[in-house]
Structure formats: structure tokens, C-alpha cells
Amino acid sequence: MKFKYNIISLFIFATLTTNCSKKETAVENPKNTTEQQDHHEETPTVASLTEEQISAVGITLGNIEMKELTSTIKANGLLRVPNNNKAAVTSLYGGIIKTLPIQVGSFVKKGQVIATIANPEFIQLQEDYLTVNSRMWYAEQEYRRQKELFDNDAGAKKNLQSADAELKTLRTRKASLLRQLQMMGISPGKVNNGSMRSGLTITAPISGTISSISSQIGSYVDVSAPVAEIIDNNSIHLDLQVFEKDLPKMKVGQIVHFKLTNNPQTEYDAEIYSIGSSFENDSKTISVHANVTGNKAGLIDGMNITGIVSLDKTVTPAIPDEAIVEADGKFYVFVKTGKKTDEAAGESHEKEKINHPKTITFEKVEVVKGSSDMGYTAITSVQNIAPDAKIAVKGAFFINAKLTNSGEHEH
């Protein structure tokens with residue numbers, strides 16, 4: 001029993017000794033805890049990446065550029081072609097389509113043959129013209145004879161009047177038939193008994209691109225049914241919808257950069273030529289019209305677009321949009337630096353023993369964003385950035401992710 005009590009006494013003594021030692025250590029080094037807390041609260045601002053990592057994620061370095069950026073207004077809209085640059089190809093007379101030498105997307109010139117149609121009535125019209133011509137010759141002779149008789153008091157006045165009325169009626173009929181033949185594309189002077197045509201051609205009223213075809217060979221068309229439609233995309237323009245608050249900033253002559261909703265990779269330009277004076281429906285927007293300038297390839301009537309209206313131009317330091325990252329409501333860029341991360345500094349003494357891969361170090365530097373214009377953003381650095389400093393203009397997101405992961409690992 002005595003041996004058992006000795007064991008218990010030794011155990012209690014050892015426990016008390018250990019607790020006292022821990023308390024003394026804590027009292028003797030009060031700064032350690034504070035330093036650790038401070039260390040945990042520090043956010044890392046330097047990240048190192050190997051050349052392999054940089055190549056893998058596509059990080060690209062560049063300089064701050066002096067760009068002519070403008071304050072801008074963003075607006076959505078549609079591509080439109082004026083109605084006087086659209087045409088429905090119709091026939092003045094009904095008939096059966098015999099040829100249709102066009103396809104959707106084909107470019108045609110004004111006056112080019114779109115289709116040919118046939119109808120027996122066309123022959124009847126030419127026959128009537130020839131008949132009227134013959135009757136007119138006789139009517140002219142009869143009028144001269146009756147006038148001569150009347151002048152010599154040998155004929156009745158009513159006979160002269162009847163001959164005169166007949167001649168005028170035939171002349172009117174001939175003029176009507178002549179005009180109809182011309183509208184059909186038939187030369188009246190070439191109409192004779194041996195060259196009557198049973199068909200006529202339908203021609204393009206304007207130059208442009210065939211946007212649709214409504215008929216086919218063998219189908220019957222009349223004056224109310226268009227054979228095809230033509231649109232002249234060279235006259236295409238923008239209809240931008242601008243909000244009321246931005247209307248005072250709009251002026252004729254301003255440049256608009258725009259992209260298609262379904263093809264944002266290609267940029268086009270336009271120039272404002274007209275500003276509306278009334279609201280569009282209930283949207284509280286005003287239509288602003290702009291002529292497309294330069295490249296018009298791929299632009300089609302009715303396409304949705306997003307436009308940027310350029311206002312005042314200023315030359316300012318700028319970098320690509322993707323070079324800027326956001327964190328905690330602030331904006332940053334990553335500048336190539338000679339500083340080392342804590343991890344890299346701790347391992348530097350091992351370089352002689354281990355063959356480390358070459359690394360590039362980036363420092364996270366706060367900037368203030370300015371105006372943005374088609375892929376570039378003006379910046380003002382909170383800290384001083386050297387004019388020749390190399391900045392991650394592409395892939396900054398990956399560097400920030402690496403930095404964030406490093407900070408979490410330290411915690």
C-alpha cells in the first residue's frame with residue numbers, strides 16, 4: 001500500500017511541474033502569440049510561378065500602354081435596312097414561271113433577269129396591238145377623206161366627226177397597248193405577226209442580295225405574290241435604343257463601336273447621323289440612328305447588336321481588361337518583381353543541393369479603374385509602378401488564385 005501511494009504522489013508532482021512550465025513559457029514569451037496572430041492576419045501580396053505553370057495557364061506579360069480612350073455610353077439595338085433599299089420582285093401580269101436563275105444569297109444588279117413567265121394572254125395583247133395599228137391606218141385615211149369632202153361642201157359634218165372620234169379612240173387604245181408592252185419588256189416596234197412572244201421577263205428593281213424566294217419553276221404567280229425579295233445591305237444602319245438620361249450626351253457625328261450578339265469577336269464601326277425625338281413604345285428609350293462604316297461583311301437586317309457610343313477622347317495609361325482582378329471591393333494588377341515569397345526565401349539555401357525550376361515572381365498592386373473602351377481600361381496606380389514594369393496582361397486571374405491558395409495554406 002505504501003508503494004502505491006508513492007506512485008500516485010510522483011504522478012501528481014509531475015503533472016503540476018508540467019503545468020507550471022507551460023505557464024512560465026507563455027508569460028516569458030507574450031509577444032509570440034501576438035506575432036503569430038499578426039502573421040495570420042497578413043495577406044500575402046507576392047506570388048511565384050514556375051515557367052511551366054506560366055506557360056500552362058497562358059500568362060502573358062506586357063507594359064502599361066498610353067491609349068486614346070473615351071468616356072462611353074453602352075446601348076443595345078438592331079441592324080436595319082431602310083425600306084427604300086428593300087424590294088419585293090413581282091410580276092405585272094400573272095403567269096407560269098419557266099425559269100428562275102437565282103438563289104438565296106445571290107447578288108443581283110438592277111435590271112437583271114430574276115425569272116421568266118409565260119401566259120397566252122401575252123400573245124393576245126400583242127395581237128390587239130397589231131390590230132389597232134392596222135385599224136389606225138384606215139381610220140387616218142377615212143378622216144382625211146371626210147375632211148376633204150367637208151371642206152369642199154361635199155360631205156356631211158357628222159361623217160367627219162365620226163371619223164375623227166374613231167381615230168382618237170384608236171390612238172388612245174394604241175398608246176395604252178404600247179405602254180403595256182413596254183412594261184412587259186416587249187419592244188412595240190419589234191412586234192409583228194412572225195415574232196409574237198408568249199413569255200416575259202421579271203427583272204430586279206434594285207441592286208442587292210436575294211434574301212428570299214417565294215416561287216418555283218412551274219408555279220403560277222400573279223401581281224399580288226412576290227417571286228423573290230431583294231435587300232441592299234450596303235445601306236444597313238444601326239437603330240440604337242438610348243435611355244432618356246443619356247440623350248443630352250448624344251450628338252450627330254459621334255462614333256459607335258458595336259459587336260453582334262451572336263459574334264462578339266468581330267468589331268464594327270458606325271457614325272450617328274440622326275437622333276430621334278420621341279420615345280419608343282413604353283421603353284422610355286429614344287432611337288439613335290447610325291450609318292455603318294467600313295467593313296459590313298456578315299451584317300444582316302434584324303441582327304441584335306451591343307454598341308458603345310464614344311464621347312470625349314483622352315490619352316491615358318491603360319491595360320487590357322483581363323489584366324485587372326477584383327478582391328474585397330478593390331482592384332489590382334500583378335507586376336513582375338524581384339521580391340521573393342516567404343516560401344521561396346526559406347528554400348533559397350537549398351538551391352545548391354536541389355535543382356529548382358526557374359520561377360517568376362509577381363507582386364499584387366492596387367489600382368483605381370477609369371473608363372473602359374473596347375477591351376482596355378484606364379488605370380491610376382495607388383502605389384508607384386515603373387513605366388517599363390512588366391504586368392500580367394493575360395492570366396492575372398490564375399496568379400490571384402495562386403496567391404489566395406498560398407494565403408489559405410499559411411493559415
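Which residue lies over the face of Y376? A few notes on that and on other features follow.

1. A word on the model before the details. This is a predicted model, in which local features need pLDDT of at least 70, side-chain atom pairs count only at pLDDT 80 or more, and totals for chains, interfaces and linings use all residues. Residues are numbered from 1 along each chain as its sequence is written, and side-chain values use heavy atoms, with hydrogens and water left out.

2. To the opening question: K67 lies over the face of Y376, at 4.4 Å from the ring centre. K364 lies over the face of Y332, at 4.5 Å from the ring centre. A charge sits over a ring here if NZ of Lys or CZ of Arg is within 6 Å of the ring centre and within 35 degrees of the ring normal.

3. After α5 comes G185, with a positive phi near 85°.

4. Which residues of α5 are buried? They are L160, A163, L167, L170, L177 and L181, where buried means under 20% relative accessible area, exposed over 50% and partly exposed in between (1.4 Å probe, protein chains only). These buried residues pack against α4 (120-151), with contact meaning heavy atoms within 4.5 Å.

5. Next, the sheet. Four strands form an open sheet in the order β4-β11-β9-β6, with antiparallel pairing. β4 (86-89) and β6 (107-108) stand at the edges with a single partner strand each, so one side of each has no neighbour in the sheet. Strands β9 (residues 208-213) and β11 (residues 228-231) pair over four bridges, and I210 stands opposite I230 in β11. Two strands pair if DSSP finds at least two bridges between them.

6. Finally, the aromatics: a search of the whole structure finds three pairs. Rings of Phe, Tyr and Trp (its six-membered ring) pair if their centres lie within 6.5 Å; planes under 30 degrees apart count as stacked, over 60 as edge-to-face and the rest as tilted. F258 and Y268 have ring centres 5.5 Å apart and planes at 20°, so the pair is stacked. Both F258 and Y268 are buried. F397 and F398 form an edge-to-face pair, 5.6 Å centre to centre with 75° between the planes. F397 counts as exposed at 58% relative accessibility, while F398 is partly exposed at 40%.

How values were computed:
Helices (H or I, at least four residues) and strands (E, at least two) are DSSP runs, numbered from the N terminus.
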